[in-house]
Amino acid sequence: MRRFHREGTPASGWILLDFSDIIVHIFGPEEREYFELERLWFQAPQVVRVL
């Protein structure tokens, strides 16, 4: 799968990977709590969740 874009760094606690049809967010624990993506997207179907 080809990646179109990447943002963030490991040091920032957040990385976004854009594969066009799929967007992957990778958060550190503090950033995950701050952004609360689960609250914003609670109605969206969950495909995969890795803890």
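Me: In what order do the elements of the protein run from the N terminus on?
Reply: The order is β-β-β-α-α. Keep in mind that this is a predicted model.

Me: How many helices and strands does the protein have?
Reply: Two helices and three strands.

Me: What box do the C-alpha atoms fill?
Reply: Roughly 30 × 30 × 15 Å, taken along the principal axes.

Me: And what share of the residues counts as buried?
Reply: 12% of the 51 residues. The accessible surface comes to about 4800 Å², and carbon and sulfur atoms account for 57% of that surface.

Me: OK, strands. How many bridges join E1 to E2, and in which sense do they run?
Reply: Five bridges, with the strands antiparallel. E1 covers residues 5-9.

Me: What sits between E1 and E2?
Reply: Four residues, and the two strands form a hairpin. Gly13 in that turn has a positive phi of about 85°.

Me: Then how do E2 and E3 pair?
Reply: In the antiparallel sense, over five bridges. E2 spans residues 14-18 and E3 spans residues 23-27. These two strands also form a hairpin, with four residues between them.

Me: Which residue in the turn between E2 and E3 has a positive phi?
Reply: Ser20, at about 80°.

Me: Which residue in E3 stands opposite Trp14?
Reply: Phe27. Phe27 also turns up in the ring pairs, where it belongs to a cluster with Tyr34 and Phe35.

Me: How many aromatic pairs does the structure hold?
Reply: Two. In one of them, Phe27 and Phe35 have their ring centres 5.5 Å apart and 40° between the planes, a tilted pair.

Me: Why is the pair of Tyr34 and Phe35 edge-to-face?
Reply: Because the planes of Tyr34 and Phe35 stand at 85°, and planes over 60 degrees apart count as edge-to-face. The ring centres of Tyr34 and Phe35 are 5.0 Å apart.

Me: Is Tyr34 buried or exposed?
Reply: Exposed, with a relative accessible area of 65%. Phe35 has 38% relative accessibility, so Phe35 counts as partly exposed.

Me: Switching to the helices. Where is Leu37 found?
Reply: In helix H2. Leu37 has a relative accessibility of 22%, so it counts as partly exposed; the cut-off for buried is under 20%.

Me: What does Leu37 touch?
Reply: His25 and Phe27, leaving out residues up to four places away in sequence. As for Ile26, the C-alpha atoms of Leu37 and Ile26 are 11 Å apart in space, and the two residues are eleven apart in sequence.

Me: What about contacts overall, what share joins residues at least 24 apart?
Reply: 0%, among contacts between residues at least 6 apart in sequence.

Me: Last topic, the surface. Which residues form a nonpolar patch?
Reply: Val47, Val48 and Val50, with about 370 Å² of accessible area together.

Me: Where does Val48 lie?
Reply: In the segment after helix H2, which is residues 37-40.

Me: And why does Val48 count as exposed?
Reply: Because its relative accessibility is 65%, and exposed means over 50%.

Technical notes:
Residues are numbered from 1 along each chain as its sequence is written. This is a predicted model: local features need pLDDT of at least 70, side-chain atom pairs count only at pLDDT 80 or more; totals for chains, interfaces and linings use all residues. Side-chain values use heavy atoms; hydrogens and water are left out. Patches are made of residues with over 30% relative accessible area and no salt bridge: like charges are joined within 9 Å, nonpolar side chains (Val, Leu, Ile, Met, Phe, Trp, Tyr) within 5 Å. Accessible areas come from the Shrake-Rupley method with a 1.4 Å probe; for residues, only the protein chains shown count as cover. A salt bridge is a side-chain nitrogen of Lys or Arg within 4 Å of a carboxyl oxygen of Asp or Glu. Buried means under 20% relative accessible area, exposed over 50%, partly exposed in between (1.4 Å probe, protein chains only). Rings of Phe, Tyr and Trp (its six-membered ring) pair if their centres lie within 6.5 Å; planes under 30 degrees apart count as stacked, over 60 as edge-to-face and the rest as tilted. Contact means heavy atoms within 4.5 Å. Two strands pair if DSSP finds at least two bridges between them.
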